[in-house]
Amino acid sequence: MPESTDSKPAWRHGEITRPDVDDYLYSMLPPRDEVLLKMEAEAGKRKIPIVGPAVGRMLHQLALMMNAKTVFEMGSAIGYSTIWWARAVGKDGRVFYTDGGRKNAEEARGHFEKAGVSDRITVKVGDALEILSEQKQEFDIIFNDIDKDDYPRAFRVAIPRLRKGGLFVTDNVLWSGRVTQKNPVEATTRGILEFNRLLYDSQDLFTTILPIRDGVAIAVKR
C-alpha cells in the first residue's frame with residue numbers, strides 16, 4: 001500500500017515543494033518495516049526530530065551509490081536515520097551514533113536491536129562535535145543534523161575528517177523557507193545561512209541543495 005497522506009506527521013514539516021507535489025512524493029513510498037513505522041509514529045506523537053522516510057531512503061541510496069562503509073552521524077535522536085545508514089553500509093560497515101541525551105541513546109539501542117543492526121553501530125553520548133573532533137580516522141560520509149546555530153562550527157570540524165570523495169550531508173538547510181528572510185533574527189536561521197554560504201564558497205567541496213522535505217545539502221569533498 002502506498003503512503004497515506006490523510007494526516008501529516010510532525011516530521012513532515014518544512015515541505016519546500018508544493019503541498020500536492022509533496023503529497024505525491026510520500027504517496028509513492030513503499031511501506032517500511034515494523035521498526036521504522038513504529039519510530040515514525042512515536043516521532044510524530046512526541047514531536048521527535050527525524051528525517052522521515054523520503055529523506056531516509058535518500059540517505060540509504062547515497063551510501064549505496066558510493067559503497068560507503070563508515071558513517072559519522074552528528075545528532076541522532078532516537079536513531080531513525082542511523083538505521084537507514086546502518087542497513088546501507090552492511091555487516092562490514094560502521095555507523096557512529098551521537099546524541100547529547102542518554103535517554104535518547106537507550107531508546108535508540110532498543111530500536112537498533114529490533115532492526116538487527118546493533119552490531120554495526122557505535123553509540124556515543126555527548127557533544128557530537130567534540131566526539132567527531134576526537135576521531136582519528138576519515139569517514140566516507142558525515143551526516144550533520146545538530147542544533148542549527150552550530151552548523152558553521154560543524155562545517156569546520158567535519159571537513160578535515162571526511163575522506164577525499166566522501167560526502168558531507170546536512171539536513172534542514174532550507175529551514176521551512178526561513179533562509180529567504182533578508183535580516184533574520186533567529187540564531188538558528190543565521191547559522192544555517194552562514195553554513196550554506198560556507199558550503200558553496202568552499203574550494204574543497206562541490207555542493208548541491210536538494211529541496212526535499214526541509215532541504216538537504218549534499219557536498220562531495222574534492
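**Entry 1: the loop with Ala77**

I began with Ala77, which I found in the loop between strand 1 (70-74) and helix 4, and I kept in mind that this is a predicted model.

**Entry 2: another positive phi**

I looked up Arg213 next, and its place is in the loop between strand 6 (205-210) and strand 7 (216-221). Here phi is near 50°, a positive value in a residue other than glycine. With 3% relative accessibility, Arg213 counts as buried.

**Entry 3: the chain as a whole**

I stepped back to the protein chain and noted 8 helices and 7 strands in its secondary structure. Its radius of gyration is 16 Å, close to the 17 Å that the globule rule gives for 222 residues, so the chain is as compact as a globular protein of that length. I also wrote down that the C-alpha trace spans about 45 × 45 × 30 Å along its principal axes, and that buried residues make up 53% of the 222 residues. Of the contacts with a separation of 6 or more, 69% are accounted for by residues 24 or more positions apart.

**Entry 4: helix 3 beside helix 4**

I turned to helix packing, where two packed helices are described by the angle between their axes and the distance between the axes. Helix 3 (residues 52-65) and helix 4 pack at an angle of about 30°, with their axes 8 Å apart. The two helices are therefore roughly parallel to each other, as an angle under 35 degrees counts as such. I noted that helix 3 passes helix 4 in a right-handed crossing. Among the residues that make the contact are Gly52, Pro53 and Gly56 of helix 3, and Tyr80, Trp84 and Arg87 of helix 4. By class, this contact of helix 3 with helix 4 has 8 nonpolar, 4 polar and 2 charged residues.

**Entry 5: helix 2 and its partners**

Helix 2 (residues 34-46) and helix 4 (residues 80-89) pack at an angle of about 160°, and their axes are 10 Å apart. That angle makes helix 2 roughly antiparallel to helix 4. The crossing in which helix 2 passes helix 4 is left-handed. I listed Val35, Leu36, Met39 and Glu40 of helix 2 against Tyr80, Ile83, Trp84 and Arg87 of helix 4 as the residues making the contact. When I sorted this contact by class, it had 6 nonpolar, no polar and 2 charged residues.

I then followed helix 2 to helix 5 (residues 102-115), where the axes come within 10 Å and cross at roughly 155°. This makes helix 2 roughly antiparallel to helix 5. The contact is made by Val35, Lys38, Met39 and Arg46 of helix 2 with Glu107, His111, Lys114 and Ala115 of helix 5. Its classes come to 3 nonpolar, 1 polar and 4 charged residues.

**Entry 6: Tyr151**

My last stop was Tyr151, whose place is in helix 7 (residues 151-158). Tyr151 is buried, with a relative accessible area of 0%. Leaving aside neighbours within four places in sequence, I found Tyr151 in contact with several residues, including Asn144, Asp145, Thr170, Gly191 and Phe195. I also recorded that the C-alpha atoms of Tyr151 and Leu129, 22 residues apart along the chain, are separated by 10 Å.

Definitions and conventions: Residues are numbered from 1 along each chain as its sequence is written. This is a predicted model: local features need pLDDT of at least 70, side-chain atom pairs count only at pLDDT 80 or more; totals for chains, interfaces and linings use all residues. Side-chain values use heavy atoms; hydrogens and water are left out. Axes are lines fitted to C-alpha atoms, for helices over the stretch in contact, and angles run from 0 to 180 degrees between N-to-C directions. Helices (H or I, at least four residues) and strands (E, at least two) are DSSP runs, numbered from the N terminus. Angles under 35 degrees count as roughly parallel, over 145 as roughly antiparallel, 65 to 115 as roughly perpendicular and the rest as oblique. A crossing is left-handed if the near helix is turned anticlockwise from the far one by less than a right angle, and right-handed if clockwise. Contact means heavy atoms within 4.5 Å. Ala, Val, Leu, Ile, Met, Phe, Trp, Tyr, Cys and Pro count as nonpolar, Asp, Glu, Lys and Arg as charged, and the others, Gly among them, as polar. The radius of gyration is taken over C-alpha atoms; the globule rule is 2.2 Å times the number of residues to the power 0.38. Buried means under 20% relative accessible area, exposed over 50%, partly exposed in between (1.4 Å probe, protein chains only).
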